[in-house]
Amino acid sequence: MKKKLFTLTLAAMLSMSVCAIPAFAEEAAESADSGADALIGTTYTYLEETPFGFTVTWEMILDDSENATINEINDVAGNTVYSATWTYEDGTVVTVLTGSDTGSMPQADFFDSANDYQCIWEVSVEDASMTPVSSGTSEDGAAAGDSAESADAAESSDATFANVAYADDSDSQVLDIYLPEGEGTFPVIVVVHGGGFMFGDQGMDIIKPVILAGLDNGYAVVSVDYRKSSEAQFPAALADVKAAVRFVRANAEEYGFDADSIVIWGESAGAYLSVMTALTANVESLNGDVDENLDYSSEVTALVDFYGPIEFYVMDDEYAEMGIESSFGTDTSFESQFLGQNLSEDEEYTYTTYWKTYVDDFTNTDLIAWIQAGDSDTSVPCTESVNLAERLSELLGEDQVSFGLIEGAEHEDDLFYTDENLAAVFEFLAAVIG
């Protein structure tokens, strides 16, 4: 195996036990001018239609001439109360978030995370409504600043074969197949989307840069959907992803796949499912109720993990050490709903979701792993990635594990999907895949 070019030594990884968090505003905003007095005390409302198919209600109350309260009412991710300061400028209210009751900050793109989560709101006193004007989204739903070139790129990523069933227990057990130009046998990237184990599908925008980069580098790309926690709990989603890898092997000849060169690549919850697929291929109990293609292995050649949650039971403690409040150990957290019960209630059962519980069954010692997180992630502790990299280095050897923290990067940050970063991933993969 070639020695990889992007390796962080184990000693360096051990030094990264605490990750940076975004700085909040240190000084209060200037008081609103007298023209804003009529705005105070009203509850203003905005309905956000998320890309994941559900609605979030935002409420804002201007408590006095300086302070505001913003409520995120989110039936999927849980409700959060944010404190803020505000100013009145040119008929709009400009808020700057100063904290929250959970310690986490909003994911909505109309909050400027690089500028103390500032947001500009158009406010109507007459109907008590508000609308963000710094959302970064155009009227047609495309990201602001998207060029014709990027639109063409999205079009070029249309699946060669869409909604192909790899099992028959659920409508979610489908995958899309993308084939690069040319003929021959192609190495394969199996892409697993995130979404808190609760939402999303194999066509989510966030994974499209991976699909396009895979095609550009001569890979076939298989983008996988799976059952969500509202339909079936652990190990259902994991069983689905393992079955999708088996499908790739079972149908290699039909689609031109190289069954000996399979990369599994996930982001967020999809990264967890990718890690577990890569490290528990021989654990039959985690095949769950999916029995398709059991004569084939779900082993993979390489693993790419972008900011995945890994060891659920300790995530609240990890954030507590950083001074961040979190609520993973509640009935409504994504991980608890994925598990089917509050993850803090039964430590032994919660650890059935952790790869190291099954390490005695692990035999794929040629596996290579790229692990990457952001040091400003307030959704999943970056120490989850630090610890995984350290433990895989012990299991596989340091030269088979590449780990890095992206300075200033948050959860699902665009910094993971730049041409430069994706090129580094493919350079690493080239050590075992031509």
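Modeller: Buried means under 20% relative accessible area, exposed over 50%, and partly exposed in between, computed with a 1.4 Å probe on protein chains only. By that rule both Phe110 and Phe111 are buried. This is a predicted model, in which local features need pLDDT of at least 70, side-chain atom pairs count only at pLDDT 80 or more, and totals for chains, interfaces and linings use all residues. Residues are numbered from 1 along each chain as its sequence is written, and side-chain values use heavy atoms, with hydrogens and water left out.

Biologist: Why is the pair of Phe110 and Phe111 called tilted?

Modeller: Rings of Phe, Tyr and Trp (its six-membered ring) pair if their centres lie within 6.5 Å, and planes under 30 degrees apart count as stacked, over 60 as edge-to-face and the rest as tilted. The centres of Phe110 and Phe111 are 5.2 Å apart and their planes stand at 40°, so the pair is tilted.

Biologist: What makes the pair of Phe199 and Phe334 edge-to-face?

Modeller: Their ring centres are 5.9 Å apart and the planes meet at 80°, so this pair counts as edge-to-face.

Biologist: Why is Lys228 said to lie over the face of Tyr226?

Modeller: A charge sits over a ring if NZ of Lys or CZ of Arg is within 6 Å of the ring centre and within 35 degrees of the ring normal. Lys228 lies over the face of Tyr226, at 5.1 Å from the ring centre.
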